[in-house]
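Open the structure in your viewer and keep the selection tool at hand. The stops below say what to pick next and what is found there.

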Amino acid sequence: MRVGALVRSDDQSALEVLSLAQELGGGAAETYLILPAPQAQHPAAGKARAVVLEGLADADPAQLFAAAEALFGGAAPDVVLLPDGPLFEAVGARLAGSLGRPAVRDAGSVALDGSRVRVVKGAFGGKAALGLETEGGAVIGVRQGAHPAQDLPQTSLEMVQMAPPAPLLSGRKAVRDSSGDDLGRAKVIVSGGRGLGSAEAYAALRDVAQLLGASLGASRAAVDEGWASPSQQVGITGQKVAPEVYVAIGISGASQHLSGMSGAKFVVAVNRDDKAPIFEAADVGVVADWHALWPELRRALAGG
Amino acid sequence: MRVIAFVKSILDPEAPPGAIRFEAGKAVGDVPQVLGPYEGNALELGVQIAEASQGELRVVALGGQEQETGLRKALALGAVAAVRVDVSGGFRDPLDTAGELKAAADALGGADVYIFGRQAGDWDQGVTAGLFAGLSGLPYVPLVQAGEVLGAGLKLRREIPGGYEEGEIAAPCVLSASNGPGTLLRLPKVKDVMLANRKPIEVREGGKASAGFSPASLEASVTRRAGRRIEGDLKAQAEGLAQELRRVIPGIGGGA
Ligand SMILES: Cc1cc2nc3c(=O)[nH]c(=O)nc-3n(C[C@H](O)[C@H](O)[C@H](O)COP(=O)(O)OP(=O)(O)OC[C@H]3O[C@@H](n4cnc5c(N)ncnc54)[C@H](O)[C@@H]3O)c2cc1C
Ligand SMILES: Nc1ncnc2c1ncn2[C@@H]1O[C@H](COP(=O)(O)O)[C@@H](O)[C@H]1O
């Protein structure tokens with residue numbers, strides 16, 4: 001079976017996926033690389049083909065898909081590995097559908113046994129681990145951080161030519177979020193949920209965040225209420241975060257939220273329900289009404 | 001416009017850990033069946049597009065009787081037809097599911113806009129919409145947060161890392177819906193819920209699972225152990241919490 005990895009050179013998890021391809025495919029692994037500008041060499045698993053997609057940082061799903069098609073030239077490897085995330089969202093499943101192959105993402109482990117492909121992924125919002133097997137090819141989204149990046153040899157790239165592809169949406173206008181704290185890199189995060197009860201109460205978390213030097217996150221419920229922007233959502237379908245400290249306020253602790261913050265080193269939870277599942281995932285829990293606790297907490301923090 | 005939305009009903013995803021058990025490759029538990037939240041976003045987008053274009057919304061689900069929860073909700077919100085592709089529950093590879101959903105959509109005469117949720121909360125696959133687009137050879141717009149009808153096409157807002165983008169696309173196309181300012185599911189009127197309970201759901205025979213991955217194991221994930229509680233009255237709790245925060249975040253408050 002042919003094993004290949006499709007990655008963007010500007011993606012932090014590219015090396016993890018290339019290392020996995022190397023491990024699974026050995027010397028016969030194949031690298032397919034999307035570059036922002038021409039380049040002679042790149043760390044790679046096996047033989048490497050590359051295509052230049054100008055404006056890669058802002059490339060949309062149709063442009064990325066066109067780049068993948070150009071790279072594969074009608075002969076995609078049996079097993080295609082991609083980093084799970086925006087590239088998979090844009091290309092992975094659609095590519096699998098057009099090849100008539102199964103697709104799976106959030107793969108924490110991937111193993112090959114002859115033509116058998118074995119994957120373990122999360123299910124039920126992280127409540128379960130699901131082992132899956134198939135015979136033959138598949139397109140696989142590899143969970144970020146699940147596979148360590150190794151040193152890969154600098155490899156000469158075979159460049160593939162491609163006419164600049166048309167974008168998916170015409171008249172595109174991108175809007176960066178004003179609340180665009182980079183949660184993925186934040187050291188301290190304060191997140192609010194539906195328990196805050198109002199847009200004003202969520203907005204007032206800015207004061208907490210400022211005191212703690214934190215970025216502001218949210219649960220899906222707080223986003224649905226319109227208090228926080230979708231880019232602030234932490235969870236399985238939001239941002240996966242790994243701060244030193246995560247403070248969850250008025251968040252019940254649904255498994256889908258927990259799986260986005262499981263990388264946090266220290267978790268603090270404030271919830272007025274002493275049975276809220278968030279306490280099962282917190283190092284320190286306070287059973288209290290946030291609105292009553294906050295003035296006291298502010299005083300205590302200011303007091304030193 | 002002709003719109004088809006794909007609405008999966010699942011065991012309540014907010015059920016606490018332990019309420020759902022994993023036995024013999026299946027999830028079981030005394031937990032209510034609900035329309036998945038992202039399917040709710042897909043349904044809302046479908047209702048809006050059908051209304052604004054004076055078109056028609058149809059809905060399709062694949063599974064057993066349990067799928068009627070979401071289909072009935074869609075009928076209460078104005079869907080003109082609901083189809084259930086009858087297959088037994090449990091895991092099914094999304095490639096297979098996408099193929100069955102496509103056959104059902106084709107039997108309905110196809111659509112201008114096909115709308116999926118970004119991820120169903122049972123197997124957390126997040127791939128069915130893309131597979132459907134790939135099988136159909138149609139353009140695929142992932143993670144749509146709001147949509148408007150614009151002539152024969154759509155103006156869409158979609159999630160991108162760190163924000164969103166807006167732009168236009170011609171039909172036919174495949175969308176996956178996410179949560180955002182334009183996809184919050186409306187509440188049906190009580191009268192419409194009652195009427196919907198009497199509307200027919202067309203049942204279509206599904207094929208045997210044939211393609212893709214099959215389950216080899218399903219186990220509950222280990223959850224983290226709970227830490228300590230800070231007890232006492234509000235003042236004591238606040239002081240205890242401030243002390244912990246100062247310990248783990250160097251340099252805050254009056255600490256440094
Ligand atoms: C496929 C899928 C993906 C999902 N992805 C995500 C995701 O990425 N992120 C995410 O967050 N969710 C996600 N969800 C949704 C998730 O299941 C929950 O619905 C959501 O996390 C609930 O948000 P919440 O805790 O803010 O709200 P609720 O569950 O309503 O909890 C509010 C909490 O606030 C407490 N409270 C109320 N008042 C106060 C007060 N005055 N002081 C202190 N506490 C108070 C309550 O006791 C309660 O525990 C997903 C679901 C599915 C099915
Ligand atoms: N059995 C099903 N019935 C109806 N729609 C489905 C089914 N499975 C998946 N879908 C659709 O595909 C989306 C993504 O599902 P998944 O890829 O399983 O996470 C869901 O939000 C639904 O819109």
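A salt bridge here is a side-chain nitrogen of Lys or Arg within 4 Å of a carboxyl oxygen of Asp or Glu. Keep that rule for the second stop, and bear in mind that this is a predicted model.

First, colour chain A by its two parts: domain 1 covers 3-161 and domain 2 covers 183-301. The centres of domain 1 and domain 2 of chain A, taken over C-alpha atoms, lie 33 Å apart. Their contact involves 5 residues from domain 1 of chain A and 5 residues from domain 2 of chain A.

Next, look at the interface between these domains. How many salt bridges does the rule find across the interface of domain 1 and domain 2 of chain A? The count is 0. The rule does find 3 residue pairs in polar contact there, both residues being at pLDDT 80 or more. On the domain 1 side, the touching residues divide into 1 nonpolar, 3 polar and 1 charged.

About 300 Å² is buried between the two domains of chain A, and carbon and sulfur atoms give 45% of that area. Select A:Gln12, A:Gly125 and A:Lys127: in domain 1 these lose the most area to domain 2, together 84% of what that side buries.

Now move to chain B and select B:Ala238, in helix α6 (residues 234-248). Is B:Ala238 buried or exposed? B:Ala238 counts as buried because its relative accessibility is 1%, and the cut-off for buried is under 20%. Show its contacts in chain A: B:Ala238 touches A:Leu293, A:Glu296, A:Leu297 and A:Ala300.

Last, select B:Pro142, which is 96 residues from B:Ala238 along the chain. The C-alpha atoms of B:Pro142 and B:Ala238 are separated by 44 Å.

Definitions and conventions. Residues are numbered from 1 along each chain as its sequence is written. Chains are lettered from A and ligands numbered from 1 in the order in which they are written. This is a predicted model: local features need pLDDT of at least 70, side-chain atom pairs count only at pLDDT 80 or more; totals for chains, interfaces and linings use all residues. Side-chain values use heavy atoms; hydrogens and water are left out. Domain bounds come from an automatic or database domain assignment. Contact means heavy atoms within 4.5 Å. Buried area is the accessible area (1.4 Å probe) that two parts lose on being put together, summed over both. A polar contact is a pair of N or O atoms within 3.5 Å; within protein, one must be able to donate a hydrogen and the other to accept it, and residues adjacent in sequence count only if both atoms are side-chain atoms. Ala, Val, Leu, Ile, Met, Phe, Trp, Tyr, Cys and Pro count as nonpolar, Asp, Glu, Lys and Arg as charged, and the others, Gly among them, as polar. Helices (H or I, at least four residues) and strands (E, at least two) are DSSP runs, numbered from the N terminus. Buried means under 20% relative accessible area, exposed over 50%, partly exposed in between (1.4 Å probe, protein chains only). Lists of a residue's contacts leave out its neighbours within four places in sequence.
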